[in-house]
Amino acid sequence: MPKVTVQEVKDAGFRAEQFGTPASFDLYLETIIADAGTWSSDQVGAAVYAATTSGIGLLRLRRAELCFVKAQLWRNRMAFLDGNAQSSLEGNASAANERKTYEQHAADADLCADYWLLQFTTNGNAPAAGSGAVMGHITTGPFAGVGSCR
């Protein structure tokens, strides 16, 4: 059973209109979420995956799966726009730039998924090693960097 939910994906800002308004957006998302669950389960092992039901380990798996889903949705968004006859006929730089942006978002989401999966496989339910000191900085954009994945 996947760790991420349809509502979490919707909360990340994805809407049915971005993909041509599928008949059932929830079912559309559930299919991609199932793939994310299969991916992360395969990466960590089915027994470990099934046993992770709480704590920081669950949070790490959930974030990895959410990033996996985001990557696929950005690719699906590119495919939807590529199939749009009007934008195909326009042939302007704006459409090409928009596609490159989606492509970069997908690549960043892949890195984010790998980051959170690495955090899980390295630390499991244990907190990440460190001094206990906390530092922070503000960044903008949906994928400001691998260290700031969400």
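This is a predicted model: local features need pLDDT of at least 70, side-chain atom pairs count only at pLDDT 80 or more; totals for chains, interfaces and linings use all residues.
Residues are numbered from 1 along each chain as its sequence is written, and side-chain values use heavy atoms, with hydrogens and water left out.

**Exercise 1: The overall layout**

Work out how many helices and strands the protein has, and what share of its residues is buried.

Solution. 
- Step 1. Take helices (H or I, at least four residues) and strands (E, at least two) as DSSP runs, numbered from the N terminus. The protein then has six helices and zero strands.
- Step 2. Read the elements from the N terminus on, and you get α-α-α-α-α-α.
- Step 3. Call a residue buried under 20% relative accessible area, exposed over 50% and partly exposed in between (1.4 Å probe, protein chains only). Of the 150 residues in the protein, 35% are buried.
- Step 4. Turn to contacts, meaning heavy atoms within 4.5 Å. Among contacts with a separation of 6 or more, 78% come from residues 24 or more positions apart.

**Exercise 2: The nonpolar cores**

Find which residues have the most contacts inside the largest nonpolar core, and which helix gives the most to this core.

Solution. 
- Step 1. A nonpolar core is a set of buried Ala, Val, Leu, Ile, Met, Phe, Trp, Tyr and Cys residues joined through side-chain atoms within 4.5 Å.
- Step 2. The largest such core has 19 residues, and V9, F14, F25, L29, I33, V69 and L73 have the most contacts inside it.
- Step 3. At least two residues of this core come from each of α1 (6–11), α2 (25–44), α4 (55–82) and α6 (93–123). With six residues, α4 gives the most to this core.
- Step 4. Zoom in on V69: leaving aside its neighbours within four places in sequence, V69 is in contact with V4, V9, I32, I33 and A36.

**Exercise 3: Along helix α2**

Compare the reach of α2 with the expected value, and list the residues of α2 that are buried.

Solution. 
- Step 1. The expected span of a helix is 1.5 Å times one less than its number of residues.
- Step 2. With 20 residues, α2 reaches 29 Å from its first C-alpha to its last, close to the 28 Å expected.
- Step 3. The buried residues in α2 are F25, L29, I32, I33, A36, G37, W39, S40, S41 and V44.
- Step 4. Now step past the end of the helix: α2 is followed by G45, whose phi is positive, near 100 degrees.

**Exercise 4: Salt bridges**

Solution. 
- Step 1. A salt bridge is a side-chain nitrogen of Lys or Arg within 4 Å of a carboxyl oxygen of Asp or Glu.
- Step 2. D26 forms a salt bridge with K10, their closest N and O atoms being 2.6 Å apart. D26 lies in helix α2 and K10 in helix α1, so the pair ties together parts that are 16 residues apart in sequence. D26 is partly exposed at 33% relative accessibility, and K10 is partly exposed at 31%.
- Step 3. D110 and R75 meet through their side chains in a salt bridge (2.3 Å, N to O). This pair links distant parts of the chain, with D110 in helix α6 and R75 in helix α4, 35 residues apart.
- Step 4. R99 and E103 form a salt bridge at 3.7 Å, N to O. These two are separated by about one helical turn because they are four residues apart in helix α6.
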